[in-house]
Amino acid sequence: MRAPSLFILALAAVSGVLAWPVKGGDQCKTPLKPAAKPNDPHWMQTIKRQGISAYNPDPSNYKVFRNVKDYGAKGDGKHDDTEAINKAISDQDRCGQGCQSSTRSPAIVFFPAGKYRVTGAIIPYYYTQLVGDAKHPPTLLADPSFDGPAVIDADPYLPDGTNWWINQNNFFKSVRHVKIDLTQAPINASGIHWQLSQATTLVNVIVNMSQDKDTQQRGLWMENGSGGFMSDLVFNGGKTAMDVGNQQFTVRNIEVNNAQTAVQMNWNWGWTFQGFTFRNTGVGFQFAQGTGNEVLLDGDVSNVKTFINATSPSAPFTGSILLDNIRFKNVKDGYVDEAGATQLSGGTKTIRQWARGRKYYDSVGTPTSVQGPIKAPNKPAQLLDSNGKIFQRGRTDYADYAVDQFASVMDAGAKGDGVTDDTKAIQEFIKKYAGCKILYFDAGTYMVTDTIVIPSGSIVVGEAWTTVIGAGPKFANESKPRAVIQVGKPGDRDGVEISDMVFSARSGSAGAIIVEWYAADKPGQKGTAAMWDVHIRIGGFDGSGITVDNCLKGTDHEYKPCTGAFIGLHIKEQASAYLEGTWVWTADHDLEDPELRQIDVYTGRGILSESKNGPIWLIGTASEHASLVQYSFYNSKNVYAGLIQTETAYYQPNPPVPEPFKRRDAWHDPTYNNGPSGWGLHIAKSEDIFIYGAGHYSFFQNYSTDCVAAGRVDCQQSIVKVKSDSKDIYLYGLGTVGSVYMLNVDDKGIINKADNTIGFTQAVTIWTSKKSTH
């Protein structure tokens, strides 16, 4: 009998995490801890459902939560449940074919335990979560007659070759806690077609496939998009577990057993695989010619013929590879290059670090080509688990908690209608229940006019990306920024957990700090101050007040009504944080507009970390379109980030950085001596910063893409800046688009795009600071 998978063990560990015995709310008599009985139904089945979609055309009757059995699905493994499941998804005129995007019709489509036989594709509409019973994950059983591109198809094709949604704008979809069984399906069946972009997650999904030698089955396939995050996946059997191509993605904790190929990588700009286990596969990674930066860390590879195969029949592989802490057991070949030569031997051993590509050091602008082992830095213990791997913690849907351990914010008097001032109701709700109940934010848009403090020790759970939006004069003054959401208070070390939420601020909020993060891990524990699938979204949706009606690009409008925030996320000096799948998005277009027209939305800064000792984990995060800077690390220490993705503001240089904001020393804003555009990444006075995969993009000058057309790469002069007052800074898998210099030390451009072009993008394997291991 094979030992339990790392995937199952990880889930078991997560479900045992408690809300810690801190000073609780007014109603707290005992600290919150799991109390569900083994035979209790999952709380999602029985909790009172009263969430709304505030901006739906029929908000009083619209159903956010849908149980597939209420639509006729049987889950008995015999009846064909395809039509019933798709009816549960599509009911009430939701955003499907012909609708490019919308936040007006969110839905959780819930699958109780059972086997759901399907004969065609299940299509998750825009703003949909497909969620199984986390206690007893349901199975989607593909019938022998199955006919479709995949059991779950997130972007169906039309006869003319186009898709339902534009892949780069296919946001807000999630699949969690399901099994997919292809063992009875046709030889060419697939589990998931996942062509999409940011704010999308696959979590706790198992795909079982045929192990016949002639099988063509695929567990997951994607051919385009701009993702994204997925974690805790298991693929058993099949020709290919993952057959993928996408601009960028972060993949954490996957397991592949008995597949012919674990990962077929067809093209990308950069992917990070953190934590993977391959057993009994022919090929671990197959890299095609069109791949960019491949960052692979903390892998366990056993009984694999070829770990990485770059052999290509059409064109040579020109991409970049970094291996970090990869453990081989009975591996024949480690890396076979495009010519078929073995460049990394197999065997049974641990690879500390090995690289293929170009390496830069400090202020030296001439790269060193590398293909072989390199000296690996010693990562800080604060970032590692007991096995020496980067710490990771999977999302839980609190399956071990009983329904009476949840308290509803609507039951406490909040309306969530986007109009009522819910500040007092939410504050009193939190004061009453924090620490002894899970704080459940029923679906809705909760307008607040003052800071909402989420105390340390709290668990906050939303419903289909519940939105809390700041509005009013307290958030309007750029000179006196104020938090919409404050997580913890200075000096707290009691953890916090937040999932499935959107935080924002309304038009005119030049002083809004959307999230101010003080929380820190409990002493002796890691990853207990955490967010999963929580997004900061500024402008471009109903209720934001920043739309095509008042902020359409190219129109004569004032700055103030199109200003959404001072900063998206501010991580404070004593804080620690584990963030997974977080997207800080200043909208570049209106999600409700049928034409997806571009709009001017102004945010000062994306993410600023001032955490002096961390640890900080930013896993599968992105920050886009702020005026001054997307990611800024100032006086920070002990940070792991991978993959991070940015885009600078489309409107720049009209107005130029920092307009319409002011540069402020008190906020450690970078200087702007390298052109009129903001920075993708800025690091100053920091140490022990480990970035494993980074994509920093600049596509526009005043909404024109001429700067990346016809061989040009000059949308901005520089995009990454590291100050020379920092040390032990490691950037692995650095990719850029549209910037003449990929990286500056201080104001000096060091890495020139001309030396590192791979197709449309630029790729560098390693850059390290002056005081570092390399």
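View 1. Strand S10 (200-208), strand S13 (240-257), strand S35 (616-624) and strand S37 (637-647) each bring at least two residues to the lining of the second largest cavity. Strands here are DSSP runs (E, at least two residues), numbered from the N terminus. A cavity is a set of points on a 1 Å grid over the protein atoms alone where a 1.4 Å probe fits but cannot get out, and lining residues have an atom within 4 Å of a point. Of its 20 lining residues, Gly227, Gly228, Gly620, Thr621 and Ala622 lie nearest the centre. By class, six are nonpolar, 13 polar and one charged; Ala, Val, Leu, Ile, Met, Phe, Trp, Tyr, Cys and Pro count as nonpolar, Asp, Glu, Lys and Arg as charged, and the others, Gly among them, as polar.

**View 2. The largest cavity.** Here you will find 18 lining residues, with Thr103, Pro106, Gly444, Thr445 and Thr467 closest to the centre. Strand S25 (residues 459-470) gives the most to this lining, five residues. The lining divides into nine nonpolar, six polar and three charged residues.

**View 3. Thr761 and its contacts.** Thr761 sits in strand S46 (residues 761-768). Thr761 counts as buried because its relative accessibility is 4%, with buried meaning under 20% relative accessible area (1.4 Å probe, protein chains only). Leaving out residues up to four places away in sequence, Thr761 touches Trp269, Thr736, Val737 and Asn756, where contact means heavy atoms within 4.5 Å.

**Notes.** Residues are numbered from 1 along each chain as its sequence is written, and side-chain values use heavy atoms, without hydrogens and water. In this predicted model, local features need pLDDT of at least 70 and side-chain atom pairs count only at pLDDT 80 or more, while totals for chains, interfaces and linings use all residues.

Terms used: 1 Å grid on protein atoms, 1.4 Å probe; cavity = no way out; pocket = protein on both sides within 12 Å on 5 of 7 lines; lining within 4 Å. Points joined across faces, edges and corners; volume = space filled by probe spheres on them. Helix = DSSP H or I, 4+ residues; strand = E, 2+ residues; numbered from the N terminus. Buried < 20%, exposed > 50% of the residue type's maximum accessible area, 1.4 Å probe, protein only.
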